[in-house]
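Please open the model in your viewer and have the selection tool ready. The stops below are meant to be followed in order.

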Amino acid sequence: MSVIHTKILKASKNNKLNPTKTGERKWFDYFISVDELVWKRNFIDGYLIHIYSDKFKSEHLATYTLTYDIFKNEDVLQVDYEKEI
């Protein structure tokens with residue numbers, strides 16, 4: 001698990017990262033873009049989070065999908081892409 005991965009999980013548990021606030025913004029030392037994933041009938045599937053370096057905003061570091069597991073009652077963070085550092 002990478003540093004960014006653990007930081008997002010911890011921030012979502014502590015409400016430091018509000019995924020319902022979609023759009024682009026600065027977050028810690030990164031620039032993030034959050035998009036809502038919606039099913040065909042408006043059931044929220046989760047959020048797609050793209051993370052870029054704050055210096056250049058063109059260096060793509062990672063892409064994650066944040067969903068909620070109703071059975072475990074916790075957020076689940078799936079890694080779609082992660083740049084090796």
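**Before selecting anything**

This is a predicted model, in which local features need pLDDT of at least 70, side-chain atom pairs count only at pLDDT 80 or more, and totals for chains, interfaces and linings use all residues. Residues are numbered from 1 along each chain as its sequence is written, and side-chain values use heavy atoms, with hydrogens and water left out.

Colour by pLDDT, the predictor's confidence in each residue, from 0 to 100. The protein averages 85, and 93% of the residues score at least 70. Helices (H or I, at least four residues) and strands (E, at least two) are DSSP runs, numbered from the N terminus.

**Stop 1**

Select residues 23–27 for S1 and 30–38 for S2; the two strands pair in the antiparallel sense over five bridges. Strands count as paired if DSSP finds at least two bridges between them. One place to look is Lys 26, whose bridge partner in S2 is Phe 31.

Now select Phe 28, in the loop between S1 and S2. Its phi is near 50 degrees, a positive value in a residue other than glycine. Most residues other than glycine have a negative phi. Phe 28 is partly exposed, because its relative accessible area is 47% (buried means under 20%, exposed over 50%, partly exposed in between, with a 1.4 Å probe and protein chains only).

**Stop 2: His 5**

Move to helix H1 (residues 3–13) and select His 5. Is His 5 buried or exposed? His 5 counts as buried, because its relative accessibility is 8%. Leaving aside residues up to four places away in sequence, His 5 touches Tyr 64, Leu 77, Val 79 and Glu 82. Contact here means heavy atoms within 4.5 Å.

**Stop 3: the salt bridges**

How many salt bridges does a search of the whole structure find? The search finds two, a salt bridge being a side-chain nitrogen of Lys or Arg within 4 Å of a carboxyl oxygen of Asp or Glu.

Select Asp 54 and Lys 26, whose side chains meet at 3.3 Å, N to O. This pair links distant parts of the chain, 28 residues apart: Lys 26 is in S1, and Asp 54 is in the loop between strand S3 (44–53) and strand S4 (60–69). Asp 54 is partly exposed at 25%, whereas Lys 26 is exposed at 51%.

Next select Lys 83 and Glu 59, where the N to O distance is 2.7 Å. Lys 83 lies in the segment after S5 and Glu 59 in the loop between S3 and S4, so the pair ties together parts 24 residues apart in sequence. Lys 83 is partly exposed at 32%, and Glu 59 is partly exposed at 29%.

**Stop 4: a nonpolar patch**

Show the surface and select Tyr 68, Ile 70 and Phe 71, which make a nonpolar patch of about 430 Å². Patches are made of residues with over 30% relative accessible area and no salt bridge; like charges are joined within 9 Å, nonpolar side chains (Val, Leu, Ile, Met, Phe, Trp, Tyr) within 5 Å. Accessible areas come from the Shrake-Rupley method with a 1.4 Å probe; for residues, only the protein chains shown count as cover. Tyr 68 lies in strand S4 and is partly exposed at 46%.

**Stop 5: Asn 73**

Finish in the loop between S4 and S5 by selecting Asn 73. Asn 73 has a positive phi, near 60 degrees, and is exposed at 57%.
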